[in-house]
Amino acid sequence: MENQTALFQYCLRLADSNLILSHRLSEWCGHGPILEEDIALINIALDFIGHGTALLQYAALVEGKGRSEDDLAYMRNEREYRNALLVEQPNGDYAKTIARQFLFDTFQYHFYQALQNSKDETLAALAAKALKEITYHLRHSSQWVLRMGDGTDESHSRIQTAFDDLWMFTGDLFDMDTTDETLLKQGIAVDLAPVKEKWQTQVSEVLQQATLKIPDQTFMQGGSRDGRHTEHLGYLLAEMQYLPRTYPGAKW
Amino acid sequence: MVELCLSKQLKIIAELPTKESIIKLLSAIPDPEIPVINIFELGVLRNVELINGTCIVTITPTYSGCPAMKLIENQISAALKAEGINEVQIKMVYSPPWTTDWISDEAKEKLRQYGIAPPEKSTMDKGILLGKNKQPACPQCSSINTSMISQFGSTACKALYRCNNCKEPFDYFKCI
């Protein structure tokens, strides 16, 4: 695979997960269970949109076809999106949102730890910057997992169900393809095998502390690397992309 | 007419901007969210260079998604244009990443007087992950008998606290 194509794909993968999760979290705006949580989730969504924007700008630069970050966000179809399957899953109840967030925050925390040593200076800088913010995200979601898991029967059963339902989408986070191989050789990409080990250890620890069971499901749904998504992404994009597609070139 | 043009030109040459004068000029721009401190003492304005008549201004965001950055960029351009500097390039950098350690002591005192508890010394401690909170002093009554309400406050850079002594809620500028 050509280096430039690989780097472009890699940037899209990172950017899209940030963008899509940011959109999902923004759906909570005005609907949070308590005011502080409403504010917290929107703060976190804002960090993700910041990371997504910077990464899409870099993707556009790497591609070199004169597309902007907005073109990439609003004018690509579902099959061209490279976000992880986990982040496109619907919000569900608050337990499901928190479980999804915790699984992804733990991944991002260890992934960016490694990416900040990338030989690609832009990716390394963005990772170092994002890591500071992600540390706060991870703390927030971990504490809620503990509170719900070790809380009432109702909260315990809800968050256990959430982890059981989402588990099959976690394998996709660690799938590697030719894009990774090409960039690994140059010291740009992150080797996901050690990231997976750290992720498993930390997730197990927190779940155990929260008196929750690690789901024993072994089937893992893959596909995001090739743009094969669950049905939920299409609906999300239809809403997110509506305005610029209906009124091309619209300005504030 | 010729004389007029010439005198105008001379005036411009006489007041040719320098790096220092531009930083001074841009230091008048307040942070849009916390107007008591300016973008220079906050550490958002990183550098000013004058290269071949172009003014290159380097800025860095406090938080990646800070919505104030676009406004700050516009204000920088407007301030420079008002001084007759039209060739402006604004560069956004992410490295080194912004840290609360860059906020000057003077600015921290301004924050406190404004009612925002300034960031405690030294950036990111691992205590964040372990659930150990910083104990900022109440900006109203200086009591350290305070507790955290939420790690996420009114803007990305702040957490929400309450003073157990005077019962006032307050914003804390959290360390990153």
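This report walks through the domains, the nonpolar cores and a surface patch of a predicted model.

## Two domains in chain B

Let's start with how chain B is organised. Chain B splits into domain 1, covering residues 17-98, and domain 2, covering residues 103-173. Taken over C-alpha atoms, the centres of these two domains of chain B are 27 Å apart. Where they meet, domain 1 of chain B supplies nine residues to the contact, and domain 2 of chain B supplies twelve.

Now look inside. In soluble globular proteins, nonpolar side chains tend to be buried together. Here, the largest nonpolar core has 115 residues, and the members touching the most others are A:Phe111, A:Leu123, A:Val145 and B:Leu26. Domain 1 (17-98) and domain 2 (103-173) of chain B each give this core at least three residues.

Leaving aside residues up to four places away in sequence, B:Leu26 touches B:Ile39, B:Leu45, B:Val48, B:Val57, B:Ile76, B:Ala79 and B:Leu80. There is also a second, separate core of eight residues, among them B:Cys138, B:Ala159, B:Tyr161 and B:Cys163.

## A nonpolar patch on the surface

Which residues of chain A form a nonpolar patch on the surface? They are A:Tyr242, A:Leu243 and A:Tyr247, and together they have about 350 Å² of accessible area.

A:Tyr247 sits in the segment that follows α11 (242-246) of chain A. Why is A:Tyr247 called partly exposed? Its relative accessible area is 48%, and partly exposed covers the range between under 20% (buried) and over 50% (exposed), so A:Tyr247 belongs to that middle class.

Key:
Residues numbered from 1 in each chain as written. Chains lettered and ligands numbered in written order. Predicted model: local features only at pLDDT ≥ 70, side-chain atom pairs only at ≥ 80, totals over all residues. Heavy atoms only, no water. Patch = residues over 30% accessible without salt bridge, like charges linked within 9 Å, V, L, I, M, F, W, Y side chains within 5 Å. Areas by Shrake-Rupley, 256 points an atom, 1.4 Å probe, with all protein chains shown as cover. Salt bridge = Lys/Arg side-chain N within 4 Å of Asp/Glu carboxyl O. Helix = DSSP H or I, 4+ residues; strand = E, 2+ residues; numbered from the N terminus. Buried < 20%, exposed > 50% of the residue type's maximum accessible area, 1.4 Å probe, protein only. Core = buried A, V, L, I, M, F, W, Y, C linked by side-chain atoms within 4.5 Å. Domains from an automatic or database assignment. Contact = heavy atoms within 4.5 Å.
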